[in-house]
Amino acid sequence: MNRFRIDRLVKQNRSDFDCGNEPLNEYLRRHAGQDQRRRCAVCFLAIENATDRIAGYYTLASGSVDLDRLPADVAKRLPRYPATPVIKIGRLAVAMAFQGTGLARALLADAYKRVLELDVGAFALAVDAIDDDAEAFYQHHGFLKLQSRTIGERLLLLPIV
């Protein structure tokens, strides 16, 4: 990760970011700043040190998951509230020029580390995977797929140790 630094979104130029997925590009360009100002999400950018280009990003937000969606062996360790608090990765994307470099894994690790350091109660890191490839990526990194409630839903969870 010496090639990159992770900065919180402030006023960096996001106009040329392209991860190959237009909704993820548009989110960074048009909505990430608004979500952050409204305190709905926080956006973190991977910046290439040599060029100051945005190489990738992810967002974190608070959320909850219904207790009855968790595997029984996981749910039994939790209080019997209807929902359990989580921190959600809302978006995670890597620019096409940096795909295949391990940056997505590094962004995920950075997100996990930030969640560990938070002084707030949260049982797990959660994500709604955007497609089959994203779902496989998260499962490869230890996320558990939760039972779907709707067609196409891909909710995954990584308990915080």
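Tyr 138 has a relative accessible area of 5%, so Tyr 138 is buried (buried is under 20% relative accessible area, exposed over 50%, partly exposed in between, with a 1.4 Å probe and protein chains only). Phe 143 is buried as well. The rings of Tyr 138 and Phe 143 have centres 5.1 Å apart and planes at 65 degrees, so this pair is edge-to-face. Rings of Phe, Tyr and Trp (its six-membered ring) pair if their centres lie within 6.5 Å; planes under 30 degrees apart are stacked, over 60 edge-to-face, and the rest tilted.

This is a predicted model, in which local features need pLDDT of at least 70 and side-chain atom pairs count only at pLDDT 80 or more, while totals for chains, interfaces and linings use all residues. Residues are numbered from 1 along each chain as its sequence is written, and side-chain values use heavy atoms, with hydrogens and water left out. The chain has a mean pLDDT of 91, with 98% of its residues at 70 or more; pLDDT is the predictor's confidence in each residue, from 0 to 100.

Back to the rings. The whole structure holds six aromatic pairs. In one of them, Phe 137 and Tyr 138 have ring centres 5.2 Å apart and planes at 75 degrees, so that pair is edge-to-face. Phe 137 is partly exposed, at 22% relative accessibility. Elsewhere, ring pairs join Phe 17, Tyr 27 and Tyr 57 into a cluster. Arg 91 lies over the face of Tyr 27, 4.0 Å from the ring centre (the criterion is NZ of Lys or CZ of Arg within 6 Å of the ring centre and within 35 degrees of the ring normal).

Tyr 27 is also one of the buried residues of helix H1, which include Leu 24 and Leu 28. Helices (H or I, at least four residues) and strands (E, at least two) are DSSP runs, numbered from the N terminus. What covers the buried residues of H1 includes strands S1 (4–8), S2 (42–48), S3 (54–66) and S4 (83–94). H1 bends by about 55 degrees at His 31, the angle between axes fitted to the seven residues ending there and the seven starting there. After H1 comes Arg 39, with a positive phi near 65 degrees.

Last, which strand holds Thr 84? Thr 84 lies in S4 and counts as buried at 6% relative accessibility. Ser 64 is 20 residues away in sequence, but 5.4 Å away in space, C-alpha to C-alpha. Beyond neighbours within four places in sequence, the contacts of Thr 84 include Ser 64, Leu 70 and Phe 123, contact being heavy atoms within 4.5 Å.
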